[in-house]
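Hello,

Here is the structure we spoke about handing over. Please look through it first; my notes follow below.

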Amino acid sequence: MAVSTPPRAPAPLAAHHLTKRFGQRVALSDVSLDVRVGERLAVIGPNGAGKTTLLAILAGVLAADEGSVSRETRALGWVPQQPAVYSKLSVAENLRLFARLERVADPEAAVGRMLEQTGLRERADDELGRLSGGNRQRVNIAIGLLADPPVLLLDEPSSALDPRQRERLWELIEGQASAGTSIVFSTHIVGEAERYGDRVLVLADGELVFTGTPEDLHAQEPAAARDFEAAFVAFLRARGH
Ligand SMILES: Nc1ncnc2c1ncn2[C@@H]1O[C@H](COP(=O)(O)OP(=O)(O)OP(=O)(O)O)[C@@H](O)[C@H]1O
Ligand SMILES: [Mg+2]
C-alpha cells in the first residue's frame, strides 16, 4: 500500500529573482527564496550586503526593479530597525493607533492580545519614550503582530539589546514561531542565526551565496572547528567577500 505523505502547506512567502538597484549600485541581484509555515529564516551577511533591502521588498514597503514576491493575501508583519512609533504616546495608544492604521477587524481585542503576548500589560499606560530598549523593541514586535500575520519580518531585532533582553526577545519570537508564524530576521550576531534559524540565507554584495541549515554552512568550512562565526567569516573570505 502506498504511504501517502501529507501535502506540504504552500509557502506563505516566496520571492522570485529579485533585483534592486540604487542608481548604479546593485543592492540585490537575482535573489530567490521561499519561507515555510512556522519556519525561522535567518538572513546574514556583511554591512551593505542587501539584507534590509531584501526584507523591505518582502514586506512590500520597497519595490523591486525586477522579480516578484508572492505572499498570502493577509499582510505580513514588518519590524524595521527604526519603526515609526510615537514616543510621546503610551504603549497602548501606539498599539491602538497602528491597529486602526492597519484596519485590524477588532482593534481593542488585538491591542489586548498583544499586551498579553508581549508581557507589556503593566506598561500599557507608560509613555513609549520612557521604556527600556528591550521593552520598546517588544512594542515594535507587537505592532508587527497586530494583524496576526502569517510571516513576521524583523530587521536586526536584537542589535541594541543587552544579552538578557536579547534572550527575552527571542523567547517572544520563538513563541510566535511555534504558534505557526514564519519568522524572517536579519542579524549581525551570527550566533543568533545558528541558534534561532532553521535555515540561513547568506547575502554578500547583493547576491545570495548560501541557503541551507546552520550545520550545512558550518560544514562548508570544517577547518573553523566548532565556531559558527569563524566558519561564516571563512566562508565569505573564500568567496572573495
Ligand atoms: N535608499 C538607498 N539609496 C541608495 N543606496 C541604498 C539605499 N538603501 C540601500 N542602499 C545601498 O544598497 C546596498 C545594500 O544596503 P542594505 O541596507 O540593504 O544592506 P544591509 O545588508 O542591510 O547592511 P547593514 O548590515 O549595514 O544594515 C548598500 O550598498 C547600500 O548603500
Ligand atoms: Mg541593514
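Val111 is found in helix H3, which spans residues 107-118. This is a predicted model, and what follows was computed from it. Val111 counts as buried because 24 other C-beta atoms lie within 10 Å, and the cut-off for buried is 20 or more. Apart from neighbours within four places in sequence, Val111 is in contact with Ala92, Leu95, Arg96 and Ala99. Val190, in contrast, is 79 residues from Val111 in sequence, and the two are 33 Å apart in space, C-alpha to C-alpha.

**H2 and H4**

Leu95, one of the contacts of Val111, is also among the residues of H2 that meet H4. Helix H2 covers residues 91-101 and helix H4 covers residues 133-145. Their axes come within 9 Å and cross at roughly 25 degrees. H2 is therefore roughly parallel to H4, since angles under 35 degrees count as such. The crossing of H2 past H4 is right-handed. On the H2 side the contact involves Val91, Asn94, Leu95 and Phe98; on the H4 side it involves Val139, Ala142 and Ile143. Of the residues in this contact, six are nonpolar, one is polar and none is charged.

**Buried residues of H8**

Helix H8 runs over residues 228-238, and Phe228, Ala231 and Phe232 in it are buried. These residues lie on the same side of H8, because they cover an arc of only 100 degrees around the axis. Which elements cover the buried residues of H8? They include strand E3 (40-44), helix H6 (190-196) and helix H7 (214-220). Just after H8, Gly240 has a positive phi of about 80 degrees.

- Arg103 has a positive phi of about 55 degrees and is not a glycine. Arg103 sits in the loop between H2 and H3. It is exposed, because 9 other C-beta atoms lie within 10 Å and the cut-off for exposed is 12 or fewer.
- Glu156 has a positive phi of about 45 degrees and is not a glycine either. Its place is the loop between strand E6 (151-155) and helix H5 (163-178). Glu156 is partly exposed, with 19 other C-beta atoms within 10 Å.

Regards

Methods: Residues are numbered from 1 along each chain as its sequence is written. Chains are lettered from A and ligands numbered from 1 in the order in which they are written. This is a predicted model: local features need pLDDT of at least 70, side-chain atom pairs count only at pLDDT 80 or more; totals for chains, interfaces and linings use all residues. Helices (H or I, at least four residues) and strands (E, at least two) are DSSP runs, numbered from the N terminus. The arc is that of the directions from the helix axis to the C-beta atoms. Two residues are in contact if their C-beta atoms, placed from the backbone, lie within 7 Å. Axes are lines fitted to C-alpha atoms, for helices over the stretch in contact, and angles run from 0 to 180 degrees between N-to-C directions. Angles under 35 degrees count as roughly parallel, over 145 as roughly antiparallel, 65 to 115 as roughly perpendicular and the rest as oblique. A crossing is left-handed if the near helix is turned anticlockwise from the far one by less than a right angle, and right-handed if clockwise. Ala, Val, Leu, Ile, Met, Phe, Trp, Tyr, Cys and Pro count as nonpolar, Asp, Glu, Lys and Arg as charged, and the others, Gly among them, as polar.
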